[in-house]
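Open the model in your viewer and keep the selection panel at hand. The stops below go from a helix pair to a ligand and then to a sheet.

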Amino acid sequence: MSDFYALLGVSKSSSQSEIKKAYRQRARRLHPDTNRNDPDARRKFQELLDAYRVLADPVSRSEYDAFLAADSVSGGELVPYEHVNSERSQRSRRLLEVDGVTVRFGGIVALDGLSFGIDRGQICGLIGPNGAGKTTMFNVVSRIYEPTEGRVTYDGTDLLAVPSHGIARLGIARTFQNLALFPTMSVLENVMVGAHSQGRVGFVRSILRLGAARENRETRNWAGDLLNQLGLGSIAFRPAMGLPFGTLKRLEIARALAARPRFLLMDEPAAGLTHSEVDELGDTVVDIRRQFDLTVLLVEHHMSMVMKISDHVVAMEFGRKIAEGTPHEVQNDPHVISAYLGVES
Ligand SMILES: Nc1ncnc2c1ncn2[C@@H]1O[C@H](COP(=O)(O)OP(=O)(O)OP(=O)(O)O)[C@@H](O)[C@H]1O
Ligand SMILES: [Mg+2]
C-alpha cells in the first residue's frame with residue numbers, strides 16, 4: 001500500500017487541518033485538467049484522493065496508523081506470490097476431472113452422469129438454463145454435496161475423499177453468490193479473514209491480537225496488496241456495510257484470493273451487476289487469472305461475459321452435458337441454441 005502521508009507530504013503528527021490544507025494544494029497541482037500532457041495524471045490524482053480520504057477521516061486514519069505500525073516491511077512491499085503446492089502443479093495438464101457424477105435429491109436427478117475436465121490455467125465457463133445443475137456441480141467440487149455416483153479428481157487427488165474443510169488446503173477457494181462478508185468489519189479485515197483459512201493461527205486469536213504478530217503483519221500486507229490490485233485500496237478501512245453491491249462483489253473476490261488459491265470457483269459473480277460492472281468484472285477475472293496463476297471455474301448466466309473470457313465452455317441441461325468446447329463451438333451448437341430458446345420462449 002502506498003504511504004499516504006508521503007503522498008500528501010505531511011507527517012504522522014500533522015493535524016486534520018494541516019492534512020486538509022496539504023491536500024488542497026496538491027490537488028490543485030495534480031489535477032488531471034492542469035496536467036493534460038501527463039498520461040499518468042489521472043492515476044496520480046486518484047492516489048492523492050485515496051490518501052486524503054483515509055487520512056481526513058479520524059477513524060480511518062487511526063486504523064491506517066495501526067496498519068503501518070503492524071507493518072515493518074516499509075509501506076507494504078508486494079509479497080511475491082507463491083503457490084502453496086507449486087511443485088505439484090508440474091504434474092499434468094489436467095487440474096480437475098469430473099467423471100460420471102450423479103447427484104440425486106429425492107426423486108430429482110440434479111446431475112446425471114456428468115463428465116468434463118478443466119486444464120490448468122483455463123477459465124472454464126459452466127452454462128445452462130435455470131435448474132440445469134450448475135450450482136449443484138459447483139457444490140460437488142466445493143464438497144458440499146455428496147454425489148451418489150462418479151469420481152472427481154483434483155490435481156491427482158480423489159477430491160471426494162477430502163472433507164469440505166480440507167479443500168482450502170488443496171488450494172481451492174470459492175466466491176459465494178450471496179456474499180460471505182462480515183458487514184461490520186472493515187474491508188481489510190474481511191480480506192484478512194479469507195487469508196486465515198490458510199493461516200496457522202486461528203482467526204479470532206489474531207483479531208484479538210493475542211500474539212501471532214508476525215503472521216498478522218504478513219496477512220495485513222498481503223490483504224492490503226490484494227485490495228490495491230482490485231482497486232479497493234482507498235476503502236480498506238471502511239466497514240463493508242453500506243458499500244455498493246459491485247464493490248462488495250470485488251471484495252468477495254479479494255477475500256477468496258487471500259487464501260492464495262490455485263483453483264477459484266465462482267458462482268454467478270456477475271449476478272446483480274450493471275452492464276459496465278459486468279465488463280469490468282470480466283477484465284478482473286482475466287487479470288487475476290494471469291497474476292495469480294489461477295484456474296477458474298465460472299458458473300454464469302451472463303452469456304456475453306462467459307463467451308468473452310472463457311477458454312473452454314461446458315453447457316448443461318437437465319443435469320447432463322449437452323456441449324463442450326471453445327466459446328465459439330458451444331455458442332453455435334444446435335443443442336445449446338435450442339436449450340436456451342426452449343427456456344426463453
Ligand atoms: N438442495 C437441494 N434439494 C433438492 N433439490 C435441489 C437442491 N439443489 C438443487 N436441487 C434441484 O436440482 C436441480 C438443479 O439445480 P441447480 O441449482 O444445480 O441448477 P442451476 O443450474 O444452478 O440453476 P440456476 O441457473 O437457477 O442457478 C434443480 O431441479 C433443483 O431444483
Ligand atoms: Mg445456480
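**Stop 1: a helix pair**

Select α6 and α9, whose crossing is right-handed (the near helix is turned clockwise from the far one by less than a right angle). Helices (H or I, at least four residues) and strands (E, at least two) are DSSP runs, numbered from the N terminus. This is a predicted model, in which local features need pLDDT of at least 70 and side-chain atom pairs count only at pLDDT 80 or more, while totals for chains, interfaces and linings use all residues. Residues are numbered from 1 along each chain as its sequence is written, and chains are lettered from A and ligands numbered from 1 in the order in which they are written.

Helix α6 spans residues 187-195 and α9 residues 245-257; they pack at about 35° with axes 6 Å apart. Axes are lines fitted to C-alpha atoms, for helices over the stretch in contact, and angles run from 0 to 180 degrees between N-to-C directions.

**Stop 2: ligand 1**

Next select ligand 1 and its surroundings, which include Phe-105, Ile-108, Asn-130, Lys-134 and Thr-135 (C-beta atom, placed from the backbone, within 6 Å). Two or more residues each come from β2 (108-119) and α5 (134-141). The largest share is from α5, with three residues.

**Stop 3: the sheet**

Now show the strands: four form an open sheet in the order β2-β1-β4-β5, with antiparallel pairing (at least two DSSP bridges per pair). The edges are β2 and β5 (157-158). Strand β1 (residues 94-105) pairs with β2 over eight bridges; Val-98 has Phe-116 as its bridge partner in β2.
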